[in-house]
Amino acid sequence: MSLRQYEYALAVAEEGSVTAAAELLHVAQPSVSQQIRGLERELGVKLFARTPTGLVPTVVGRAFLREAEVAVTAARRARATARAGAGEVAGELVVAAQMGFGTRQLPGALGALRRRFPRLEVTVFEEPSSAELDRLCRRGVLDLALMAACDQSPEHAHRLGGEEFVVVLGAGHPRLAADRVELRELEGEPWVRFDRDSALDAVLVDVLRRNDLSPSTAARASQTATAVRWAAHGLGAALVPASAVPQGHEHLARPVSPSVTQPVIAVVRQDAGPAETALLDLLRQETWSASASFSPVP
């Protein structure tokens, strides 16, 4: 078996057909078919089943592809590490940002990173659910994650600072007259909530519970920016990290009392290379102070 066969099998699984996989890989279709047949012959199993909508991995195929992806990712990292030893950093850097953390800090840090390593390609998973984040970690493809500290935080986590949460209300809402909104004053307010398995929804539920409020649900969103825009149109209140409030909506956001803050950590893979180390250093240079994360526009 070869890494090329692994890459071809992963492409077929992603595209659902040999033809589309060949186009993605910029190779001839017969070459992909031949490599897949050879791989199946060597393994003694069928990796794909043909359906009316295309090729789909079999049960055995899904198990094999999970390991194949780990192997391909490891090979890419090995090549990137070798190039880094020669003074050249190239390849893909995969970052996950939980709960909208880093919305304000990450772009500047990534821009500086790309100027330092112009051949580096960065992929960012924005606001993955806990299940998605766990899946990325188990697949071994994640290089750095921005997330909230918790009791189960890895020992090698790096503390960056704190993120203050704010409430976003619809234009003309009477509570916007105050510099800070008392949470108990939002009794009966409908909420724009998040996916049930998301860390953001868990924060909201915990905050409301501690303040003897019930989470009346107006709608659910999967992204903080969407929740803010819905809240701005009066659909309900939204509780989001301050730095995740999109530009132009700051005047509708207020800190809450009692204050809600979350410590932000960066978790870097243990065999971190120069790109991950450089990004961590750049993120540390950004402002992560909870008190400085939000300045409401009058």
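Contact means heavy atoms within 4.5 Å. The model is predicted: local features need pLDDT of at least 70, side-chain atom pairs count only at pLDDT 80 or more, and totals for chains, interfaces and linings use all residues. Residues are numbered from 1 along each chain as its sequence is written, and side-chain values use heavy atoms, with hydrogens and water left out.

**View 1. The whole chain.** Nine helices and twelve strands make up the secondary structure. Both are DSSP runs numbered from the N terminus: helices are H or I with at least four residues, strands are E with at least two. Of the contacts with a separation of 6 or more, 77% link residues 24 or more positions apart. Of the 298 residues, 47% are buried. Buried means under 20% relative accessible area, exposed over 50%, and partly exposed in between (1.4 Å probe, protein chains only).

**View 2. The largest nonpolar core, around Leu-146.** This core has 59 residues. A nonpolar core is a set of buried Ala, Val, Leu, Ile, Met, Phe, Trp, Tyr and Cys residues joined through side-chain atoms within 4.5 Å. Leu-113, Leu-146, Val-168, Leu-279 and Leu-283 have the most contacts inside the core. Another core, of 18 residues, lies apart from it; among its members are Val-18, Val-32, Phe-48 and Val-72. Leaving out residues up to four places away in sequence, Leu-146 touches residues including Phe-101, Leu-106, Leu-160, Ile-265, Leu-283 and Trp-288.

**View 3. Two non-glycine residues with positive phi.** Met-99 has a phi of about 60°. Met-99 sits in the loop between strand 3 (91-97) and helix 5 (106-116). Its relative accessible area is 4%, so Met-99 is buried. Asp-212 has a phi of about 55°. Asp-212 lies in the loop between helix 7 (199-210) and strand 9 (217-221). At 64% relative accessible area, Asp-212 is exposed.

**View 4. The cis peptide bond at Pro-258.** Ser-257 and Pro-258 are joined by a cis peptide bond, with omega about 0°. Pro-258 belongs to the loop between strand 11 (253-257) and strand 12 (261-268).
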